Amino acid sequence: MSHRKLVVALLAALVVTPAMALDAEQAQKATETRQSVLTVVGWSIGPLGAMARGLVPYDADLVARNAQRIAWMSSMIPDAFRADTREHAVETEALPVIWENYARFEELAANAQASAERLAEVAASGDEAAGKQAIGALIDDCRACHNDFRLKD
């Protein structure tokens, strides 16, 4: 089975059976899946942050493409975290409070998704200043979730 099919199958299982008890292997796979989703988000947002800070030239096409990717991947975040892995020894930066306040976690993920969708629209207009402002809003939404639900570096 390809990696992509495995990820899709795992996410489908997590959505269908959110209350299922996980064994150690399932908890590890759930952790790897959510880390993969967030790796793609981070890979996509990195160049946007560099553009917002003026470290690289602004590229509206790249902003739009990455914003669309982030929006799509952000929609997967709540499902990727649905499986509660607190009872397992998995290596993660996810804080246990995610599953104690899952509704807030979902809300913050939805905020990031909406910001990414807005950014894609703004980027299509070609307005660099508005694009950089929308990048900042997206980063703020990502940071809000990290502040509450991610282990501090």
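Predicted model: local features only at pLDDT ≥ 70, side-chain atom pairs only at ≥ 80, totals over all residues.
**Helix 2.** I began with the length of helix 2, residues 24-52. Its 29 residues should span 42 Å at 1.5 Å a residue, and I found the end C-alpha atoms 41 Å apart, which agrees. I then looked along the axis and noted a kink of about 30° at Ile45, shortly before the proline Pro47. At the N-terminal end of helix 2 I looked for a cap and found Asp23, with a side-chain oxygen 3.1 Å from the backbone nitrogen of Glu25. Past the other end, just after helix 2, I noted that Gly54 has a positive phi of about 75°.

**Helix 3.** I ran the length check on helix 3, residues 60-80. For 21 residues at 1.5 Å each the span should be 30 Å, and the end C-alpha atoms lie 29 Å apart, so the two agree. At the start of helix 3, I found a side-chain oxygen of Asp59 within 3.1 Å of the backbone nitrogen of Asp61.

**Largest pocket.** I looked up its volume, which is about 650 Å³. I listed 30 lining residues, and those closest to the centre are Leu38, Val41, Cys142, His146 and Arg150. Which helices each supply at least two residues of the lining? I noted helix 2, helix 3, helix 5 (102-125) and helix 6 (128-149). Helix 2 gives the largest share, 10 residues. Sorted by class, the lining has 17 nonpolar, eight polar and five charged residues.

**Aromatic pairs.** My count came to four.

Terms used. Residues numbered from 1 in each chain as written. Heavy atoms only, no water. Helix = DSSP H or I, 4+ residues; strand = E, 2+ residues; numbered from the N terminus. Expected span 1.5 Å × (residues − 1). Bend = angle between axes of the 7 residues up to and from the residue. Polar contact = N/O pair within 3.5 Å; in protein donor to acceptor, adjacent residues only side chain to side chain. 1 Å grid on protein atoms, 1.4 Å probe; cavity = no way out; pocket = protein on both sides within 12 Å on 5 of 7 lines; lining within 4 Å. Points joined across faces, edges and corners; volume = space filled by probe spheres on them. Nonpolar A, V, L, I, M, F, W, Y, C, P; charged D, E, K, R; others polar. Phe/Tyr/Trp six-rings, centres within 6.5 Å; stacked < 30°, edge-to-face > 60°.
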